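Open the structure in your viewer and follow the stops below. Select each residue as it comes up.

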Amino acid sequence: EGVVVTKRIVYGSVAVWRGARKACDVDPRTHKWTAYVRGPNNEDLSYLFSKVQFDLHSSFEQPVKVLRKPPFEIHEMGWGEFEIRIHLHFPECAQERPVE
């Protein structure tokens, strides 16, 4: 109790265009992308987080992704921009609420 722990983390996303689409291609997903939470030097954060939850746009088949071990990153394909809400959950022994 009364202990403050400070740790830098990196979070974000990267998208890559899949290239020109053929007229007969019915798949509207134009980009491959990754969303992530990691340490500044790509270190394992599993000692700090018991799970990381990514809330995607409701149009995704599974809009809530929960990862319980590293790497804390998801890979998807899509066609538009949207906000991703990230919830960081601490181990139970920390007795801390998740942070967004």
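Ala, Val, Leu, Ile, Met, Phe, Trp, Tyr, Cys and Pro count as nonpolar; Asp, Glu, Lys and Arg as charged; the others, Gly among them, as polar. This is a predicted model, where local features need pLDDT of at least 70, side-chain atom pairs count only at pLDDT 80 or more, and totals for chains, interfaces and linings use all residues. Residues are numbered from 1 along each chain as its sequence is written, and side-chain values use heavy atoms, without hydrogens and water.

**Stop 1: the largest pocket.** On a 1 Å grid over the protein atoms alone, a pocket is an open set of points where a 1.4 Å probe fits, with protein on both sides within 12 Å along at least five of seven lines. The largest pocket holds about 500 Å³ of space. Select V3, V5, F90, A94 and E96: of its 18 lining residues (an atom within 4 Å of a point), these are the closest to its centre. The lining has 12 nonpolar, 2 polar and 4 charged residues.

**Stop 2: salt bridges.** Here a side-chain nitrogen of Lys or Arg lies within 4 Å of a carboxyl oxygen of Asp or Glu. The structure holds 4 of them. Select E43 and K7, whose closest N and O atoms are 2.8 Å apart. E43 sits in the loop between β2 (31–38) and β3 (51–55), and K7 in the segment before β1 (10–17).

**Stop 3: E76 and K65.** Their salt bridge spans 3.0 Å, N to O. E76 is in strand β5 and K65 in strand β4 (residues 64–67), 11 residues apart.

Methods:
Points joined across faces, edges and corners; volume = space filled by probe spheres on them. Helix = DSSP H or I, 4+ residues; strand = E, 2+ residues; numbered from the N terminus.
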